[in-house]
Amino acid sequence: MFTETTKAGKQGSWRQLLTTLAANATELAHLEPLRVLLAAQLDRAVEFNAQQAGLTASKQESSKKLQEVMVEGQRLATLIRSAIKQHYGIRAEKVAEFGVQPFRGKSRKVAPASEPPTLPPPTIPATK
């Protein structure tokens, strides 16, 4: 017999077992307390599934709201850093305290001293 591995599959299997037990209640009267316990567990599982689905939806909504807040916060932080650069100037080292890289100018790359290119020796035309 196939063993269910998913929650929904297990719950379906429990329902089927409970239905079969109820149909054969006279023959299996000694299993009635266990059937009642399994029915209670099934009801609790269904209740928790509904609760979990609601929490999943609220988690998705919270994730959307968090993303919106993060985008707006990043925009404000960028605006504030720009205002700090405008206030202190782009070259002031003070802006480094606010997480802004001060402009220190571009360093000029010194071209490496290269030797003049060597030319191949001139070829002398052959005389006849």
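**Notes on the helix pair and the salt bridges**

1. Let me start with Glu97, which counts as exposed at 58% relative accessibility. Here exposed means over 50% relative accessible area, buried under 20% and partly exposed in between, using a 1.4 Å probe and protein chains only. Its partner Lys94 is partly exposed, at 34%, and the two side chains meet in a salt bridge (3.2 Å, N to O).

2. Please keep in mind that this is a predicted model: local features need pLDDT of at least 70 and side-chain atom pairs count only at pLDDT 80 or more, while totals for chains, interfaces and linings use all residues. Residues are numbered from 1 along each chain as its sequence is written, and side-chain values use heavy atoms, with hydrogens and water left out.

3. Helix 1 covers residues 7-23; helices are DSSP runs of H or I with at least four residues, strands are E runs of at least two, and both are numbered from the N terminus. Its 17 residues should span 24 Å at 1.5 Å a residue, and the end C-alpha atoms are 24 Å apart, which agrees. The expected span is 1.5 Å times one less than the number of residues.

4. Gly9, Gln11, Leu18 and Leu21 are buried in helix 1. The buried residues of this helix pack against helix 2 (32-88).

5. How do helix 1 and helix 2 pack? Their angle is about 150° and their axes are 10 Å apart, which makes helix 1 roughly antiparallel to helix 2. The contact (heavy atoms within 4.5 Å) involves, among others, Trp14, Leu18 and Leu21 of helix 1 and Leu38, Leu42 and Val46 of helix 2. Axes are lines fitted to C-alpha atoms, for helices over the stretch in contact, with angles from 0 to 180 degrees between N-to-C directions; under 35 degrees is roughly parallel, over 145 roughly antiparallel, 65 to 115 roughly perpendicular and the rest oblique.

6. The structure holds 4 salt bridges, each a side-chain nitrogen of Lys or Arg within 4 Å of a carboxyl oxygen of Asp or Glu. One of them joins Arg35 and Glu32 (2.7 Å, N to O). These residues are 3 apart in helix 2, so about one helical turn separates them. Arg35 is partly exposed at 22%, and Glu32 is partly exposed at 30%. Arg35 also belongs to the contact with helix 1.

7. Arg75 and Glu72 form a salt bridge as well (3.8 Å, N to O), again 3 residues apart in helix 2. Arg75 is exposed at 56%, whereas Glu72 is partly exposed at 41%.
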